[in-house]
Amino acid sequence: MPCRLCAANDEEALIESLAADLWESRRHGTLDDRPWDRAGDHWQRIFRDFALTALESLRAEHRH
């Protein structure tokens, strides 16, 4: 079975999913502990950018 990155046919959905996963992995125990859907536009944009950077890095590595 192909990996999630290779099998993804909807990059925006993959980025959204990865951003939410990244957010959820870091939010617990903070003073501003909010779920992804209440993280706010600023933080959602930042975490989507993190997810996109991770995808680009993995794709570049995969091509070598």
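Let's start with Arg-27, which sits in helix H2; helices here are DSSP runs (H or I, at least four residues), numbered from the N terminus. This is a predicted model, in which local features need pLDDT of at least 70 and side-chain atom pairs count only at pLDDT 80 or more, while totals for chains, interfaces and linings use all residues. Residues are numbered from 1 along each chain as its sequence is written, and side-chain values use heavy atoms, leaving out hydrogens and water.

**Around Arg-27**
- Arg-27 has a relative accessible area of 16%, so it is buried (under 20%; exposed is over 50% and partly exposed lies in between, with a 1.4 Å probe and protein chains only).
- Its side chain reaches the backbone oxygen of Arg-34 at 3.5 Å.
- Beyond neighbours within four places in sequence, Arg-27 is in contact (heavy atoms within 4.5 Å) with Asp-33, Arg-34 and Pro-35.

**Aromatic rings**
- A search of the whole structure turns up five aromatic pairs; rings of Phe, Tyr and Trp (its six-membered ring) pair if their centres lie within 6.5 Å, with planes under 30 degrees apart stacked, over 60 edge-to-face and the rest tilted.
- One of them is Trp-23 with Phe-47, edge-to-face at 5.1 Å centre to centre and 80° between the planes.
- This pair links distant parts of the chain, since Trp-23 lies in helix H2 (residues 11–27) and Phe-47 in helix H3 (residues 41–63), 24 residues apart.
- Phe-47 and Phe-50 are also edge-to-face, because their centres are 5.3 Å apart and their planes at 70°.
- Trp-23, Trp-36, Trp-43, Phe-47 and Phe-50 make up one aromatic cluster.

**Burial within the cluster**
- Phe-47 is buried, at 10% relative accessibility, whereas Phe-50 is partly exposed at 46%.

Terms used: Helices (H or I, at least four residues) and strands (E, at least two) are DSSP runs, numbered from the N terminus. A polar contact is a pair of N or O atoms within 3.5 Å; within protein, one must be able to donate a hydrogen and the other to accept it, and residues adjacent in sequence count only if both atoms are side-chain atoms.
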